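Hi everyone, thanks for making time today. I'd like to walk you through a few side-chain contacts, so please have the viewer open.

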Amino acid sequence: KPRRIVNSLNKAKVIITNSSYTASRVEKYTGPDDRIQIIHPGIHPPVAVNDATRERIAGVISGRSPVLISIARLEPRKGLSRAVKIMPALLQNFPHALYIIAGEGSLRTELEHTVSTLGLENNVVFCGRLEEPYKSCYLQASDVFLLPGSAAGDDIEGFGMAYIEAAAHGLPSIAGCAGGAAEAVVDQYTGVVCDAEKENELLTAVMSVLENPELRRRLGENARKRSEQFLWPNKIKAYEQLLFP
């Protein structure tokens, strides 16, 4: 496999990676190479949400606050097991907090079992895979985007577009420091990046944002402004400038 990768890369005039982290992985096959360029993936702007959809989501949230949300494939590297396990500690300070987990995957049964074991059924909601406009509506109704990823063997986040999509809705993010997540979330500017494998550090990161509404507002606004550079028209221009100088 490494030989096939090297042969393929040798044929390329330009090698575009989605993050500096991914570029470093490519350089293991090419060495330092001017052909390697970084263009982060693009996003579409948030979709419009009507009143009926808002009312439906409000019924799920049912007045609970603050609201944390994860939108991801439910797999080990996303760190959702650790997110669920810190909920009892969060509830000591925020007894009406709600954690929304959106997505499907191999880890769902295990996560549901953990929620049941910890008695969190009233504070953790699984809503499955979200399509628009429900995805946007859930993000608009939330306070913090929580995706504390880490490496699961060689499975690791290359960049993390979910953070940028959340940012477009004005949400600060809590991210792990593994892979390219730290490029998607700018620590202390659009969110908090921590060593998410350590539950105490993850809890501290989440608490720091929840306990400080002004910090949460500022991070969210910074995130929204930064997300504009990721809109697809801007990314297409980057490709054009690179491929057709």
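Let me start with a term: a residue is called buried under 20% relative accessible area, exposed over 50%, and partly exposed in between. Glu-112 has a relative accessible area of 34%, so it is partly exposed. Keep in mind that this is a predicted model.

Now, which residue does Glu-112 meet in a salt bridge? That is Arg-108, with N to O at 2.9 Å. Both residues sit in helix 6 (residues 108-117), four residues apart, about one turn of the helix. Arg-108 also forms a salt bridge with Glu-104, where the closest N and O atoms are 2.8 Å apart. Glu-104 is partly exposed too, at 36% relative accessibility.

The count of salt bridges comes to 14. Another of them joins Glu-157 and Arg-77, at 3.2 Å from N to O. Glu-157 is in the loop between strand 6 and helix 8, and Arg-77 in the loop between strand 3 (67-71) and helix 4 (80-85), so this pair ties together parts 80 residues apart in sequence. Here both partners count as buried: Glu-157 at 17% relative accessibility and Arg-77 at 15%. They belong to a network of salt bridges that also links Arg-73, Glu-75 and Lys-78.

On to the rings: the structure holds two aromatic pairs. In one of them, Phe-145 and Tyr-163 have ring centres 5.9 Å apart and planes at 85 degrees, so the pair is edge-to-face. Phe-145 comes from strand 6 (residues 144-147) and Tyr-163 from helix 8 (residues 161-168). Both are buried.

Key:
Residues numbered from 1 in each chain as written. Predicted model: local features only at pLDDT ≥ 70, side-chain atom pairs only at ≥ 80, totals over all residues. Heavy atoms only, no water. Phe/Tyr/Trp six-rings, centres within 6.5 Å; stacked < 30°, edge-to-face > 60°. Helix = DSSP H or I, 4+ residues; strand = E, 2+ residues; numbered from the N terminus. Buried < 20%, exposed > 50% of the residue type's maximum accessible area, 1.4 Å probe, protein only. Salt bridge = Lys/Arg side-chain N within 4 Å of Asp/Glu carboxyl O.
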